[in-house]
Amino acid sequence: MMNWTKKDLLGIKDLTKEEILLIFETAESLKEISLREIKKVPTLRGKTIITLFYEPSTRTRTSFEIAAKRLSADTINISASTSSYVKGETLKDTAKNLESMKPAVIVIRHSMPGAPHMLSRIMKSSVVNGGDGAHEHPTQALLDLFTIKEKKGRIDGLRIIIIGDIIHSRVARSNIFALRNFDTEIICSAPPTMIPPHLEELGVRVEYDIDKAIIDADVIMMLRIQKERGGISYIPSVREYSTLYGLKAKHIEKAKNDVIIMHPGPINRGVEITDEVADGPYSVILDQVENGVAIRMAILYLLVGRGT
Amino acid sequence: MKKKTLLDKKAIDRTLTRITHEILEKNEGCDNLCLIGIRTRGVYLAKRIQEKIKEIEEKELPIGILDITMYRDDIFKLKSPAVKKTDISFDINNKIVILIDDVMFTGRTARAAIDALMDIGRPQKIQLGVLVDRGNRELPIHPDFAGILYTTVDAEEEVLVRLKEVDGKDEVIIMKT
């Protein structure tokens, strides 16, 4: 098997298919640890992992922290509101100061696209992109594909529909980059204002009518409206959006009968998805969260162990 | 490169038969026993011992697979070694665990395996069985059941266990580069 050599995980776009498959294989082996009574192995003992989040997060930050702790690393969590950011310190200075405390990995989430890339150039520690603006969210795409592979037994040959605020979604972008490594049909559906120009150049088909988009779908990925990036001003009203693009039970009938419904969270119930669908038998939303820990354990293990 | 055969197919089978009898003798039968093979070749040796116990005692022992990668003390000296799955689907609490590996040398793998088991549960006892004991221990750990003792003196010598399930052929050989 191939070795991991990259110092950082900045985006799916930089990964080869082999690297993606190596992350999956590692995650598959590590998933078992979370099912034990004592959910811990000693592998990353004595390593420090910092999460530096300039944007709010529940799942991603907790998931990274749990992943690090299950590998016995020490974790420190910093969020913008409680850091010296509010006193005017620049990202670069914050990062340089944190690096002086010798962390093995820094996980960063920032509203500015490219923030993790900038840090990766000035730091010796590994940098993981935990979401940079509307650019990429690589660990989310990896856990999404891992969940698809687990539920469907394959990724090749599937028809995957992504519905929602595509233009502001780093999840959609990373997922499209990841899926392009496989033989899949990707269809994006959203109001025209939420479809970025030239999206088709990524090998994606655009279908504005959700009823048509959903026909024979194997996987449906729902996205929320990114209010923090101004998503709300791209549509006439939330009520209209929900009527036209909210996923409801009647839609599921048109998809394949073993369709899976995914959502990266947080869900806005009653807007992009009804309770009935989110909590229904086709939903794998909580499996995504469970797999997120295994994927992040795999990434931390591979980055720290890259032969330092 | 010089090659010398230490055990051939028949000799491996005879040795495993003897180890099986020693396991049963020491534990006065196979009540409360379970087998756990250390990846990769320990797994197949454990399976063969399970079959032999079935023939002798007419009882099928639970069998598990242990991957010790995450417990190695040299893990970051090797470049991100591949992690494989640990698969122990039964409760090891209060069981007598027979750990099986192909070769024992420094004792560091056995140490890692014992630590890994302790994180999974609290066995009543852990006993260790290996096909080849190469001596040269670096830790105070010794096998309870050893196939053959071949103490390596020459640092350039390597002992290779080949099993038909992985390598297409059963043999234990010494290679000298």
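Between which helix and which strand of chain B is Asn32(B) found?

Analyst: Happy to start there. This is a predicted model, in which local features need pLDDT of at least 70, side-chain atom pairs count only at pLDDT 80 or more, and totals for chains, interfaces and linings use all residues. Residues are numbered from 1 along each chain as its sequence is written, chains are lettered from A and ligands numbered from 1 in the order in which they are written, and side-chain values use heavy atoms, leaving out hydrogens and water.

Asn32(B) is found in the loop between helix 1 (9-26) and strand 2 of chain B. Helices (H or I, at least four residues) and strands (E, at least two) are DSSP runs, numbered from the N terminus. Asn32(B) is not a glycine, yet its phi is positive, about 70°. With 34% relative accessibility, Asn32(B) counts as partly exposed; the scale runs from buried (under 20% relative accessible area) through partly exposed to exposed (over 50%), using a 1.4 Å probe and protein chains only.

A cis peptide bond joins Arg39(B) to Thr40(B), with omega about 0°.

Lys26(B) belongs to helix 1 and Asp144(B) to the loop between strand 5 (125-133) and strand 6 (145-149) of chain B, so the pair ties together parts that are 118 residues apart in sequence. Lys26(B) is partly exposed at 47% relative accessibility, and Asp144(B) is partly exposed at 34%.

Next, the partner chain. In chain B, 17 residues are in contact with 25 residues of chain A, where contact means heavy atoms within 4.5 Å. Together the two chains bury about 1,700 Å², 60% of it on carbon and sulfur atoms; buried area is the accessible area (1.4 Å probe) that two parts lose on being put together, summed over both. Met70(B), Phe76(B) and Ser80(B) supply 41% of the area that chain B buries against chain A, more than any other three residues. The side of chain B that touches chain A has 10 nonpolar, three polar and four charged residues; Ala, Val, Leu, Ile, Met, Phe, Trp, Tyr, Cys and Pro count as nonpolar, Asp, Glu, Lys and Arg as charged, and the others, Gly among them, as polar. Between the two chains the salt bridge count is zero.

Within chain A, Glu55(A) and Arg170(A) form a salt bridge, their closest N and O atoms being 2.9 Å apart. Glu55(A) sits in the loop between strand 1 (48-53) and helix 2 (59-70) and Arg170(A) in helix 6 of chain A, so this pair ties together parts that are 115 residues apart in sequence. Both Glu55(A) and Arg170(A) are buried.

Arg170(A) belongs to a helix that also holds Asn175(A), namely helix 6 (residues 170-179) of chain A. Asn175(A) is buried, with a relative accessible area of 0%. Leaving aside neighbours within four places in sequence, Asn175(A) is in contact with Ala141(A), Asp144(A), Leu145(A) and Met221(A).

One more stop is helix 8 (residues 238-245) of chain A, whose buried residues are Tyr241(A), Ser242(A) and Tyr245(A). Down the axis of helix 8 of chain A these fall within an arc of 100°, so they line one face of the helix; the arc is that of the directions from the helix axis to the C-beta atoms. The face turned away from that buried side carries the exposed residues Arg239(A) and Thr243(A).

How values were computed. A salt bridge is a side-chain nitrogen of Lys or Arg within 4 Å of a carboxyl oxygen of Asp or Glu.
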